[in-house]
Amino acid sequence: MTEELNLGELFENFVRFISRNRNLLIIVVLCGVVSVVAFQELKPAYFETKAICMSGISEYERQEKVEDLSQRTATDLVNHLQINVENKDYGQLANILGVDLDIAQTLKKIEAEQLYQQDMNEKFYALNKFEIRLTLFDNEKINQVQDGLTFYFENNKFIMSYYEEYKKSCNSLINDINSEIESLASFREQSNSQLSLGATNRLSGKNKILSNEIIALSYLREDIINKKLLKPLVFVQDFAKVEQKEDDVLFWGLLGGVLSFILGLLIALVKEVKTR
């Protein structure tokens with residue numbers, strides 16, 4: 001009972017304290033909120049956008065069986081650019097992206113993240129795509145930054161060395177397959193029969209049973225040609241052309257109001273102590 005009375009008395013004294021100093025509290029809170037809102041409105045506006053990408057680097061490195069690493073190198077390369085952004089080393093960034101200095105200076109933040117999908121067993125597995133999140137001060141420069149990222153990947157010595165060897169390997173395999181198909185076709189013509197040339201083959205992921213070596217090799221050749229088309233960086237979905245700027249006026253306004261109210265309470269408390 002005594003504790004309830006003490007709490008009730010404490011709350012009553014607090015309400016009276018606020019009532020006595022309401023003018024001071026209102027002034028302090030208003031000053032704090034107006035200051036925060038003015039700062040948020042005067043600071044440079046920025047825009048946030050996203051793009052979905054894929055990269056053939058995992059194929060070049062022969063990492064197709066390492067699921068978690070499917071886009072690891074590509075995302076690491078994009079995230080490495082954030083070092084230049086944080087250090088405001090825009091000259092180096094402009095050189096890396098192959099863009100003008102004013103375009104590099106619009107970048108506020110850039111980051112990439114591997115995309116995952118959840119299956120029926122609630123297990124996540126990596127997709128062959130990743131997402132790039134871009135924050136910049138000028139939404140008119142989005143296309144130039146996207147072109148700069150493509151330039152960045154296509155002029156990376158590590159990537160291009162793997163890419164060139166990968167294309168040579170694909171061309172060699174395609175030539176070998178073409179030669180083998182020609183040999184099998186020639187043999188079939190000479191035999192002039194429907195001789196079965198081998199055991200039944202199954203092409204992974206096609207759900208088709210292939211009883212003919214020529215068809216199997218043709219599917220394999222098609223698969224290699226499709227993989228050969230994989231570039232170091234491909235935009236599955238371009239960066240969205242956003243028009244609405246991002247701001248935190250509401251959040252910072254509320255936070256400024258709360259902090260100003262606490263500051264006002266301290267000022268009012270000091271004021272009453274001095275007047276006693």
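**Figure 1. The salt bridge between Glu 111 and Lys 109.** Glu 111 and Lys 109 are joined by a salt bridge in this predicted model, with 4.0 Å between the closest N and O atoms. A salt bridge is counted when a side-chain nitrogen of Lys or Arg lies within 4 Å of a carboxyl oxygen of Asp or Glu. Glu 111 is partly exposed at 26% relative accessibility, and Lys 109 is also partly exposed, with a relative accessible area of 38%. Here buried means under 20% relative accessible area, exposed means over 50%, and partly exposed lies in between (1.4 Å probe, protein chains only). The model is predicted, so that local features need pLDDT of at least 70 and side-chain atom pairs count only at pLDDT 80 or more, whereas totals for chains, interfaces and linings use all residues. Residues are numbered from 1 along each chain as its sequence is written, and side-chain values use heavy atoms, with hydrogens and water left out.

**Figure 2. The salt bridge between Glu 111 and Arg 133.** The side chains of Glu 111 and Arg 133 form a salt bridge with an N to O distance of 3.1 Å. This pair links distant parts of the chain, as Glu 111 belongs to strand 2 (residues 107-118) and Arg 133 to strand 3 (residues 124-136), 22 residues apart. Helices (H or I, at least four residues) and strands (E, at least two) are DSSP runs, numbered from the N terminus. Arg 133 has a relative accessible area of 22% and is partly exposed. A network of salt bridges links Glu 111 and Arg 133 with Lys 109, Glu 113 and Glu 131.

Figure 3. Strand 2 and strand 3 run antiparallel and are joined by 10 bridges; two strands pair if DSSP finds at least two bridges between them. Ala 112 has Ile 132 of strand 3 opposite to it. The two strands form a hairpin with 5 residues between them, and Glu 122 in the turn shows a positive phi of about 60 degrees.

**Figure 4. The salt bridge between Glu 164 and Lys 167.** The closest N and O atoms of Glu 164 and Lys 167 are 3.5 Å apart in this salt bridge. Both residues lie in helix 8 (residues 157-191), 3 residues apart, and are therefore separated by about one helical turn. Glu 164 is partly exposed at 35% relative accessibility, and Lys 167 is partly exposed with a relative accessible area of 23%. The structure holds 7 salt bridges.
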